[in-house]
Structures are given as C-alpha cells and as structure tokens.
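Keep the structure open beside you and find each piece as it comes up.

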Amino acid sequence: MSGNLFIVSAPSGAGKTSLVGALLAADPQVRKSVSYTTRAPRPSEADGREYHFVSTAEFERMQERGDFLESAQVHGNRYGTSRTWVAAETQQGHDILLEIDWQGAAQVRKLVAGAISIFILPPTLAALEARLKTRALDSAEVIAQRLANARGEIAHVSEFEYVIINEDFSRAAQDLISIIRAERLRFARQLARHNDLINHMK
C-alpha cells in the first residue's frame, strides 16, 4: 500500500521546523522531503540536509522540466518539492512529510488525493514577533516583512484539516505526533496492512 503524504505549514517563526524535528525523532517511519530552494544557506545548514540549494537558473530549468510537485515564492526566494522522490517514497509505503507554505499545500491538495494537511499557529502575533527576534537569524527589515506576511498566511488556516496552536512546545509536539499516528489507524489503512487478519476475525 502507499504511504501517507503529510503537509505541515505555518507562518515563519511559529515553530514548524522544531515541531517537525521532534516528530522525526519520535517516529522514524516518517521521512521528510528535502525541498529545493534558491535561498542562500544559513551558517548551520548543509546542502541536502535542510534544503537542496540551487541557483535561480537551475530552479527554473527544473520547473520547466516538471520536476516539482509544488513550488512557491516565499519572502523573495523560491522553493520546490521533488515530484519523483515523493512518488517513489510513498509508493514504497513510506509516510512522507512536506514542510511547505500554504501556496504549496494548495497545489499538493489538488494533485494528491488523501494528502493530510496540518497548520501550526503561534499563540499570538506578539509571540510570533518575539520568536523571530529571539532567533536572531534575520535583519529587522526581514523580520518586519515576515510579520507583514504572517497575517496573509494565517488567513488560509481554514484550508487545513488540522490546526495546532504552538503555545506549549511539548504539547504541540505530542499533538503533531498524535495526528500522524491516528491517520495510520484509519480503517482503510489498517485493512490494507492487515487484510488477512481482519477478514479472518470477521
């Protein structure tokens, strides 16, 4: 049977990356797709780990070839998900997680039936601003732009099936883990995995 395709989206600074990291540490059955981006790597990032870092020209060539399942421009940089990698992994039965923005999520939902989408919210916009400043990764101008964009991103929350409010990190991480595990327990998926057992007991 094919694996689940999970989408996790959030405004910048809501804690999405940290929550996804906690999920991956707790559940090795989930594999995270590594997106392609034209953004320059941060000092702590490595090519092929956080992102595949490519030039704008290479990104555009990949897009023209139809290599991306979804792509979007976020904060002036371009991001895309490998269509081939996601298809191969889900066909092998692996659960795949896409850490993408709402634009990419909308594209994937149109193309992949059964994709499960999750939105991470900060407890307040003030808390979001504080987190962005505490990260000390961006300039004041970039932080201001991210905050301006946050409202527009949050406006799309109703398009998602699940919403997690990241006020307490431990609780939010458990919420995310619970969603992934619950989706695996749906009858259709359990029947596909344990057809003989279930039909025998019926």
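Find Val30 first: its bridge partner in β7 is Asp95. This is a predicted model, in which local features need pLDDT of at least 70 and side-chain atom pairs count only at pLDDT 80 or more, while totals for chains, interfaces and linings use all residues. Residues are numbered from 1 along each chain as its sequence is written, and side-chain values use heavy atoms, with hydrogens and water left out. As for the labels, helices (H or I, at least four residues) and strands (E, at least two) are DSSP runs numbered from the N terminus.

Three bridges join β2 to β7, and these strands run parallel. Two strands pair if DSSP finds at least two bridges between them. Now move on to the next pairing: β1 and β7 are also parallel, with four bridges, and here Ile7 sits opposite Leu98 of β7. β1 pairs with β8 as well, again parallel and over four bridges, with Ser9 facing Phe119 in β8. Finally, β8 and β9 pair in parallel through four bridges, and Ile118 stands opposite Tyr162 in β9.

How many residues of β7 are buried? Five of its five are, so to speak, under cover. Buried means under 20% relative accessible area, exposed means over 50%, and partly exposed is in between (1.4 Å probe, protein chains only). Asp95, Leu97 and Glu99 point one way from β7, Ile96 and Leu98 point the other way, and all are buried.

Gly93 has 34% relative accessibility, so it counts as partly exposed. Its C-alpha atom is separated by 30 Å from that of Pro11, which is 82 residues apart along the chain.

Time for the helices. Which residues of α4 (102-111) are buried? They are Gly104, Ala105 and Val108. Seen down the axis of α4, these fall within an arc of 100 degrees, so they line one face of the helix; the arc is that of the directions from the helix axis to the C-beta atoms. Here's a handy rule: an α-helix has 3.6 residues a turn, so residues three or four places apart point the same way. The buried residues of α4 pack against β1 (5-9), β5 (68-74) and β7 (95-99), where contact means heavy atoms within 4.5 Å.

Helix α1 (residues 16-26) buries Lys16, Leu19, Val20 and Leu23. Looking down the axis of α1, its buried residues also fall within an arc of 100 degrees, so they line one face. On the other side of α1, Thr17 and Ala25 are exposed. The buried residues of α1 pack against β1, β2, β7, β8 and α7.

Last stop: α5 (residues 125-135) and α6 (residues 140-154) pack at about 140 degrees, their axes 11 Å apart. Among the residues meeting there are Leu125, Leu128 and Leu132 in α5, and Ile143, Leu147 and Ile154 in α6. Leaving aside neighbours within four places in sequence, Ile154 is in contact with Pro11, Phe119, Leu121, Pro122 and Leu125.

Technical notes: Axes fitted to C-alpha atoms, helices over the stretch in contact; angles between N-to-C directions.
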